[in-house]
Every structure is written in structure tokens, then in C-alpha cells.
Amino acid sequence: MSKPLVVAIDGPAGAGKSTIARRVATKLGFIYIDTGAMYRAVALWAIRAGVDLDDMQKLEQLALAAEIEFEAGSTTITLNGEDVTEAIRTPELGDAASRVSTVAGVRRAMVEKQRAMASSASVVMEGRDIGTVVFPDAKIKIFLDARAEERATRRSRELREKGVEADSGEIARQIAERDNRDRTRKEAPLLQAPDAMYLDSTSLSLDEVEQSVLKLVRERTSNGKGNAG
């Protein structure tokens with residue numbers, strides 16, 4: 001049996017990684033893994049447990065102990081057996097997750113879990129360091145980007161569609177802060193892998209972005225499908 005395939009999609013907050021990764025995973029029959037959701041899950045547990053987000057030792061302990069699972073064919077994520085799919089999707093959790101993700105011990109724990117997830121099944125994995133740190137040898141790498149103002153607009157619209165009050169100015173500020181934190185952190189900063197395809201989604205439709213990614217998959221694999229695991 002051929003080795004499971006990894007499609008690595010990196011990029012800043014609000015670039016559309018989650019939406020595209022879900023669509024591509026569905027088309028290919030792969031498991032979709034949102035690594036940002038993993039950090040959000042750890043942040044959620046920390047907040048619930050009253051752990052200070054600056055307490056690196058305790059955060060690492062939580063990350064190591066966290067049982068995080070994704071359901072094949074869905075966007076559900078569970079933390080220690082609890083469905084936290086909706087609980088982790090608030091702007092506050094996004095900011096907390098960004099802080100948690102700067103902790104070296106947390107990142108090491110998450111990378112280990114991410115590699116384990118991809119060891120037995122083909123995956124579409126999206127995040128900030130998939131192509132540079134988690135799977136530097138992945139054949140298929142995409143760096144998905146968009147202009148900052150467009151990313152803020154998309155995030156605000158997404159939250160309003162979910163019934164969450166969203167202040168566009170505040171969302172833009174949070175995204176700018178996360179961009180800076182993600183790009184300047186010492187541990188696994190947000191970078192485009194040298195062999196990743198750069199894709200600016202600012203003026204592209206979802207269908208156009210999806211087709212560009214699928215085209216790259218076809219180009220870099222023998223049959224464009226790989227092993228669905």
C-alpha cells in the first residue's frame with residue numbers, strides 16, 4: 001500500500017484555509033485536519049481550567065494530555081471526548097489560541113499529534129507551519145494568502161452568518177495582531193515554504209482556489225488521488 005499523502009495548506013488568519021481545505025479533502029476523500037482548531041482546543045481547556053495563558057509549563061502539560069480527534073467526513077473536533085466544534089470558534093478563543101501557539105512545548109506536543117494523525121490516513125492539513133515544520137517533505141504545499149482588509153471582511157461576515165456580533169474594526173485589529181504574533185514568534189513562525197505554491201485568494205472565487213489546489217495535487221502525484229487511507 002502506498003504511503004498516505006499529505007496536502008499541506010498554510011497561510012495567515014482569514015485567508016480561507018479552512019474552507020478550501022475542507023472542500024479539497026471532500027473531493028479527494030482525505031481526512032480534513034484543522035491544526036488551528038487544535039490550538040484553540042488547548043486554549044479552551046486552559047481557560048476552563050483557570051490556567052494562565054502565560055504559564056508555559058501548565059500549557060504544555062495540557063497540550064500533552066489533550067485527546068484531540070477529528071471525525072472523518074465532517075468538521076467535528078472533540079477534546080477529551082467532548083464535541084467542542086462550536087465552543088472554540090469565538091474571536092476570543094482565536095486570540096487565546098494565537099498566544100498558546102507561541103509556547104514551544106505546546107507546539108511540540110501538537111506537531112507530534114499531527115504527525116500521528118497523518119501516519120495512517122491521507123490528510124489535508126491546514127495551519128501556519130505544516131509545510132515548513134510539521135511536514136517539510138510533503139509533496140503538496142500551498143501558501144494561501146489574501147490582502148489583510150479582505151481577510152478581515154471575510155472573518156466578520158463569517159461570524160455574522162453564525163449570529164455572532166462582529167465589529168469590523170475590532171476584527172481587523174485582532175487579525176493584525178495575530179499576523180504579527182504568528183510571523184515574529186521564535187517557535188515555528190508563519191513562513192511560506194520554498195517549495196510551496198503561493199496562492200492569493202483576494203480576487204478569486206472558492207471554486208477557482210479549489211481548482212488551483214486540485215491541479216497542484218494532480219501535478220505532484222501520479223494519479224491526483226494518492227492513498228485515501
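Hi everyone, let's start at Gly-81, which sits in the loop between strand S4 (77–79) and strand S5 (82–83). Please keep in mind that this is a predicted model. Is Gly-81 buried or exposed? Gly-81 has a relative accessible area of 69%, and because the cut-off for exposed is over 50%, this glycine counts as exposed. If you look across to Leu-214, 133 residues away along the chain, the two C-alpha atoms are 33 Å apart.

Now for the inside. The largest nonpolar core holds 40 residues, and the members that touch the most others are Leu-59, Ile-68, Val-106, Met-110, Met-125 and Phe-135. Which helix gives the most to this core? That would be H2, residues 35–48, with eight residues. Let's zoom in on Leu-59: setting aside neighbours within four places in sequence, its contacts include Val-42, Ala-46, Val-100, Val-103 and Val-106, and Asp-52 is also one of them. There is a second, separate core too, with 21 residues, among them Ile-20, Leu-28, Ile-140 and Leu-144.

Last stop, a helix pair. H7 (residues 148–161) packs against H8 (residues 168–184) at about 125 degrees, and their axes are 9 Å apart. That angle makes H7 oblique to H8. The crossing of H7 past H8 is right-handed. On the H7 side, the residues involved are Arg-151, Ala-152, Arg-155, Ser-156, Leu-159 and Arg-160; they meet Ser-168, Ile-171, Ala-172, Ile-175, Arg-178 and Asp-179 in H8. Sorted by class, this contact has five nonpolar, five charged and two polar residues.

Note on methods. Residues numbered from 1 in each chain as written. Predicted model: local features only at pLDDT ≥ 70, side-chain atom pairs only at ≥ 80, totals over all residues. Heavy atoms only, no water. Axes fitted to C-alpha atoms, helices over the stretch in contact; angles between N-to-C directions. Helix = DSSP H or I, 4+ residues; strand = E, 2+ residues; numbered from the N terminus. Parallel < 35°, antiparallel > 145°, perpendicular 65-115°, else oblique. Left-handed = near helix turned anticlockwise from the far one by under 90°. Contact = heavy atoms within 4.5 Å. Nonpolar A, V, L, I, M, F, W, Y, C, P; charged D, E, K, R; others polar. Core = buried A, V, L, I, M, F, W, Y, C linked by side-chain atoms within 4.5 Å. Buried < 20%, exposed > 50% of the residue type's maximum accessible area, 1.4 Å probe, protein only.
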